[in-house]
Amino acid sequence: MAIKVGIAGARGLSALMGFRSIEGVEVTALCDLDADYLDAQARKYGIPHTYRIFEDMLATDIDAVVIATPMQLHVGQTIAALQAGKHVLCEVTAGVTMDELWWLKETVEASDKVYMMAENCCYIPENQIVNRMVEEGLFGTVYFGEGEYIHDIKALAIGNRRNPEKTSRTKTWRHYWQLGKRGAFYPTHSLGPVMKWFKGDRIQSIACMGTGWHTAPEFRQEDTSITLCQLESGKLIKLRIDCISNRPINAAYYTLQGTEGCYEAPRGLGDTHKIWLRSMGDKADQASWRPLSDYTRYLPDRYKQASAEQQQAEHGGSDFYIVHDFIDAIRNGTPPAVDVYDACEWTAVGLLSELSVMNGGRVMEMPDFRGANAYKDQIIKL
Ligand SMILES: NC(=O)c1ccc[n+]([C@@H]2O[C@H](COP(=O)([O-])OP(=O)(O)OC[C@H]3O[C@@H](n4cnc5c(N)ncnc54)[C@H](O)[C@@H]3O)[C@@H](O)[C@H]2O)c1
């Protein structure tokens, strides 16, 4: 089946190479409000049709859309696209309010089209190795995981990177919908891969505390926040989100602890991905870590067979595999790698964390998006 794809928002072009590598898939349309940028990108990448207005692109014969516009547009555009009969691959996060997440779930359930959230960190090769090792029981029973997203984005909140002279004082969407929020406003990169290691479980409650405002008090977002997610099984995940502190980036730090071993991502300065397993027979001391690279045999086959071009796709090749899974879901009915239920739950951690941090770290109950939810249950329980 030939598939025509339209991309909305410049960031979505990171998916271009992936689409072009699949037979019968074509990116035929690009949409962006910024007319100069739209024309320049369409020319650069040879995309035949351009649209400034998203709905105009939906009115064409495309089969699928990538939504890579600012976060606060995701749900509205996803609903419009599904209702126009298009499959949707949407950037993170899924939405910006709890109401929106219910609208999204209901629309996806009523649609026969694919919705997948493009959480690329799940596809980081090291996270995939750990995933396979969890599945094969090498860590025993896993019961604790961590994810950290440390990325100073203050500079992205003001001015337009493409036109810095004209817009040096203009506040961008990130000023409001990211740094204008409290708590873990951007949780999915940290949470997604870890939740994949706790397959079959779900987040039941969360609590969030922050440091207060020391670095950049002009933003509502505190320097750092820590969110604890208690799973239905009683297991625990800890998130740290820090998009304010003055420090080097570490946007993909993860750990996992099980009864038989543990994994830690690098902290920087020569550090490496490392694991320790009881089955190694080593004593549990600092010297007995082994590099995760000793375990690349647990990488999925498609990663081992990837071409040099695929490996160079953005985010360690992740953007390539996301696109393949999305097309597989469209063509073969494979369940989307990150479906609407994961998308809503992981996104809701951020939305509930805002209420938690504003109420002294109060524990907030996570609704179960997977159920048949009556309106009376679509509430934020205090
Ligand atoms: N997965 C990742 O690693 C990752 C990384 C960065 C950003 N993101 C996500 O990608 C999305 C975009 O982020 P960004 O950094 O590219 O933002 P950006 O502000 O740099 O770019 C957004 C683009 O969308 C366009 N746009 C805005 N409103 C539009 C509309 N109504 N219709 C069509 N185009 C419109 C803008 O002109 C701009 O070109 C966000 O949701 C963000 O959370 C994800």
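## Isoleucine 47 and its surroundings

Leaving aside neighbours within four places in sequence, isoleucine 47 is in contact with Val27, Ala29, Leu30 and Ala42. Contact here means C-beta atoms, placed from the backbone, within 7 Å. This is a predicted model: local features need pLDDT of at least 70, side-chain atom pairs count only at pLDDT 80 or more, and totals for chains, interfaces and linings use all residues. Numbering starts from 1 along each chain as its sequence is written.

Isoleucine 47 sits in the loop between α2 (35-45) and β3 (49-51). Helices (H or I, at least four residues) and strands (E, at least two) are DSSP runs, numbered from the N terminus. Isoleucine 47 has 20 C-beta neighbours inside 10 Å and so counts as buried. The cut-offs are 20 or more other C-beta atoms within 10 Å for buried, 12 or fewer for exposed, and in between for partly exposed, with C-beta atoms placed from the backbone.

## Helix α4: one buried side

Helix α4 spans residues 74-83, and its buried residues include His74, Val75, Gln77, Thr78, Ala81 and Leu82. They cover an arc of only 165° around the axis, so they lie on the same side of α4. The arc is taken over the directions from the helix axis to the C-beta atoms.

Several elements cover these buried residues. Among them are β1 (3-8), α3 (54-58), β4 (64-67), β5 (87-90), α5 (98-110) and β6 (115-117). Just after α4, glycine 85 has a positive phi of about 85°.

## The loop between β5 and α5

Threonine 93 lies in the loop between β5 and α5. A cis peptide bond joins valine 92 to threonine 93, with omega about -5°. Most peptide bonds are trans.

Threonine 97 is in the loop between β5 and α5 as well. Its 13 C-beta neighbours inside 10 Å make threonine 97 partly exposed. Threonine 97 and glutamate 23 are 74 residues apart in sequence and 38 Å apart in space, C-alpha to C-alpha.

## Helix α8: enclosed

Which residues of α8 are buried? They are Thr188, His189, Ser190, Leu191, Gly192, Pro193, Val194, Met195, Lys196 and Trp197. That is 10 of the 10 residues of α8, so the helix is largely enclosed by the rest of the structure. The buried residues of α8 pack against α6, β7 (142-150), β10 (236-242), β11 (250-258) and α12 (340-357).

Helix α6 (residues 125-135) and helix α8 (residues 188-197) pack at about 20°, with axes 9 Å apart. α6 is therefore roughly parallel to α8. Axes are lines fitted to C-alpha atoms, for helices over the stretch in contact, and angles run from 0 to 180 degrees between N-to-C directions. Angles under 35 degrees are roughly parallel, over 145 roughly antiparallel, 65 to 115 roughly perpendicular, and the rest oblique. Asn127, Val130, Asn131 and Val134 of α6 make the contact with Pro193, Lys196 and Trp197 of α8. Four of these residues are nonpolar, two polar and one charged. Ala, Val, Leu, Ile, Met, Phe, Trp, Tyr, Cys and Pro count as nonpolar, Asp, Glu, Lys and Arg as charged, and the others, Gly among them, as polar.

α8 and α12 pack at about 130°, with axes 9 Å apart. α8 is therefore oblique to α12. On the α8 side, the contact uses Thr188, Leu191, Gly192 and Met195; on the α12 side, it uses Asp342, Trp346, Thr347 and Val349. The residues of this contact divide into four nonpolar, three polar and one charged.

## Helix α5 against α12

The axes of α5 and α12 come within 10 Å and cross at roughly 180°. The two helices are therefore roughly antiparallel. Met98, Leu101, Leu104, Lys105 and Val108 in α5 meet Val340, Cys344, Thr347, Ala348 and Leu351 in α12. Eight of the contact residues are nonpolar, one is polar and one is charged.

## Leucine 269

Leucine 269 is in the loop between β12 (261-264) and β13 (274-277). Leucine 269 is not a glycine, yet its phi is positive, at about 45°. Most residues other than glycine have a negative phi. Is leucine 269 buried or exposed? With 6 C-beta neighbours inside 10 Å, leucine 269 counts as exposed.

Notes:
Contact = placed C-beta atoms within 7 Å.
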